[in-house]
Amino acid sequence: MEHRPSLDPATAQTRSAVRQALAEIRPGAVVVALSGGADSLALAAATAFEAPKRGMTLISATIDHALQAGSAEVAETAARQAEELGFDARIERVEVGADGGPEAAARTARYTALARVAGEVDAAAVLVAHTLDDQAETVLLGLARGSGAGSLQGMAAASTLQGILLLRPFLALGRVTTRAACAAQGLEPWDDPQNTDPSYARVRVRERVLPVLEAELGPGIAEALARTAEQAREDAAAFAAMVDETIEDIVEPAEAGISVSVPALAANPAALRHRIIRHVVASEFGQSLTRAQTLEVARLVTDWAGQGPLDLPGCTARRVGARIVFTAR
């Protein structure tokens, strides 16, 4: 009997993750975001193996942010690697603005370019290579910023990017796995110097905070944070369904705005009451409330003492009889 060499475990894990991610999507083009780093290179290799089995065509998009010397050469190397894997390789050079700081601005430019490429090829999905470690860092950063329960949700395995399906197949895999998969397949990843630059908060979390937590609390911190994110997303989905079921019965149009029943809000638990308030302002006025602002609106329900209107982002809130009226400013 012919002996067939066993598949490297890390390669098998990356292929399995991509196979599961692609299982329910329509045939067509699939776009892989490829920086040339170990995570995205392992994702490209796994997608190149799995997607053609489903009749999908392979497109890679390498985003050149032009923020580092030699970025064009790095992008060209990544594109060549993609072509060797069977991709139609594309390089998108972008201009990074300043809104929200350098990390946020680069992310905005990157996703805008990915959406543009995906739209041009009518992609069934865009795949990005965030890992379990990225998820843990995202949760810790959100907690440090006081983002509340929303920060615990981290990144979703499936979401949308300007109406296009965005998949993160590697959220259950660590960076050690993606590096091992590259090594096993003879792929040479690029090491981005920004990934070790301590001027970035994410790098400080990666290089300093997580190692301290592992040393002081024991191994498995990243996995625990990722599990927490998954559970938080499940809870958020349940709350969202409850809000949708409740809100139609308690909301009415008001002049230049919308109003909500005070008795109905008072009858709900605080967690649901606060979510309804945030949902009303977000859906009607396109604004997000801080927790402090949400609590001030809730006091119009639970601690009414004749206080006047509240100035909120994009609107005002005031109590009128048995209703909270939100009016555009």
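The dialogue below takes these topics in turn.

Modeller: This is a predicted model, in which local features need pLDDT of at least 70, side-chain atom pairs count only at pLDDT 80 or more, and totals for chains, interfaces and linings use all residues. Residues are numbered from 1 along each chain as its sequence is written, and side-chain values use heavy atoms, without hydrogens and water.

Colleague: Which side chain of opposite charge is nearest to Arg168?

Modeller: Lys and Arg count as positive, Asp and Glu as negative, while His and the chain ends are not counted. A salt bridge places a side-chain nitrogen of Lys or Arg within 4 Å of a carboxyl oxygen of Asp or Glu. Buried means under 20% relative accessible area (1.4 Å probe, protein chains only). Arg168 is buried without a salt bridge, and Asp134, the nearest opposite charge, is 8.3 Å away.

Colleague: How do β5 and β6 pair?

Modeller: Strands (E, at least two residues) are DSSP runs, numbered from the N terminus, as are helices (H or I, at least four). Two strands pair if DSSP finds at least two bridges between them. β5 and β6 are antiparallel over four bridges, with Ala158 opposite Leu167. β4 and β6 are parallel over two bridges.

Colleague: Which residues touch the most other members of the largest nonpolar core?

Modeller: Such a core joins buried Ala, Val, Leu, Ile, Met, Phe, Trp, Tyr and Cys residues through side-chain atoms within 4.5 Å. Among its 35 residues, they are Leu22 and Leu127. Helix α2 supplies the largest share, eight residues.

Key
Buried < 20%, exposed > 50% of the residue type's maximum accessible area, 1.4 Å probe, protein only.
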